[in-house]
Amino acid sequence: MNAFSPSPSPRPQHPGAQAPRALDSSSAARPVMASPARPGREQSLCCDQCGQAPADPLQQILMSAVWLVPGPTGPTTARYCRACPPAGPITDLTCLRCGDGPLLVGDLAADPDDADDALPAAAQQWLTAAGWRLDGPVCPDCRPRL
């Protein structure tokens, strides 16, 4: 599932942005909800690929989506502008209560050919450590209300 439109016309980059960079161990990916790796870090909406800040309300909505992507030491989170979303299989994990949740990419996405549509073990471990209850699924923010 990829709800991104074609690339927009070039926009000014975020003032602190440098040349486009690949997502690797040196990139500062932000947590989704209660990240087990770095809880409580401040979130910004700059693209983790190109550094672009949202230029309009639609771009801000698109960049508020959190992506769970494979990283060199395990799953990590990232945000992308309309022009930079990762390719590959994508699973939209949605909380049954609030409708929020990350987009799981590549090796972290569920295999569409798998009959039970189970998430890979690395994604399950990360989400469980972040406070998700996967038998719902229910996010960490809604879990205490059950």
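Contact here means that heavy atoms lie within 4.5 Å of each other, and the legends below describe views of a predicted model.

View 1. Once neighbours within four places in sequence are set aside, Leu45 is in contact with Gln52, Ala53, Pro54, Gln60, Met63, Ser64 and Arg79. The view also takes in Tyr80, which stands 35 residues from Leu45 along the chain, with 8.5 Å separating the C-alpha atoms of the two residues.

View 2. Of the 146 residues in the chain, 37% are buried. Among contacts with a separation of 6 or more, 52% are made by residues 24 or more positions apart.

View 3. The 4 strands are arranged as an open sheet in the order β2-β1-β4-β3, and their pairing is mixed. Because β2 (74–78) and β3 (90–92) stand at the edges and have a single partner strand each, one side of each is left without a neighbour in the sheet. From one strand to the next, the twist averages 30°.

**View 4. The hairpin of β1 and β2.** Strands β1 and β2 form a hairpin in which 2 residues lie between them, and they pair in the antiparallel sense over 5 bridges. One point of reference in this pairing is Gly71, whose bridge partner in β2 is Gly74.

**View 5. The parallel pairing of β1 with β4.** Strand β1 (residues 67–71) also pairs with strand β4 (residues 103–105), here in the parallel sense and over 2 bridges. Trp67 has Leu103 as its bridge partner in β4, while Leu68 has Leu104 as its bridge partner in that strand.

**View 6. The aromatic pair of Trp67 and Tyr80.** A search of the whole structure for aromatic pairs finds 1. The ring centres of Trp67 and Tyr80 are 5.6 Å apart and the ring planes meet at 80°, so the pair is edge-to-face. Distant parts of the chain are linked by this pair, since Trp67 lies in strand β1 and Tyr80 in the loop between β2 and β3, 13 residues apart. Trp67 is buried, with a relative accessible area of 1%, and Tyr80 is buried as well, with a relative accessible area of 3%.

**View 7. Helix α2 across the sheet, with Ala122.** Helix α2 (residues 121–129) lies across β1, β2 and β4, and it runs at about 65° to β2. Ala122 is found in this helix α2 and, at a relative accessible area of 36%, is partly exposed. When residues up to four places away in sequence are not counted, Ala122 touches Pro75 and Leu108. Ala109, also marked in this view, is 13 residues from Ala122 in sequence, and the C-alpha atoms of the two are 9.9 Å apart in space.

**View 8. The salt bridge of Arg133 and Asp135.** The structure holds 1 salt bridge, in which the side chains of Arg133 and Asp135 meet at 2.5 Å, taken from N to O. Arg133 has a relative accessibility of 29% and counts as partly exposed, whereas Asp135 is exposed, with a relative accessible area of 65%.

View 9. In the segment after α2, where Pro137 lies, the peptide bond from Gly136 to Pro137 is cis, with omega near -10°. For context, most peptide bonds are trans.

Definitions and conventions:
Residues are numbered from 1 along each chain as its sequence is written. This is a predicted model: local features need pLDDT of at least 70, side-chain atom pairs count only at pLDDT 80 or more; totals for chains, interfaces and linings use all residues. Side-chain values use heavy atoms; hydrogens and water are left out. Two strands pair if DSSP finds at least two bridges between them. Axes are lines fitted to C-alpha atoms, for helices over the stretch in contact, and angles run from 0 to 180 degrees between N-to-C directions. Buried means under 20% relative accessible area, exposed over 50%, partly exposed in between (1.4 Å probe, protein chains only). Rings of Phe, Tyr and Trp (its six-membered ring) pair if their centres lie within 6.5 Å; planes under 30 degrees apart count as stacked, over 60 as edge-to-face and the rest as tilted. A salt bridge is a side-chain nitrogen of Lys or Arg within 4 Å of a carboxyl oxygen of Asp or Glu.
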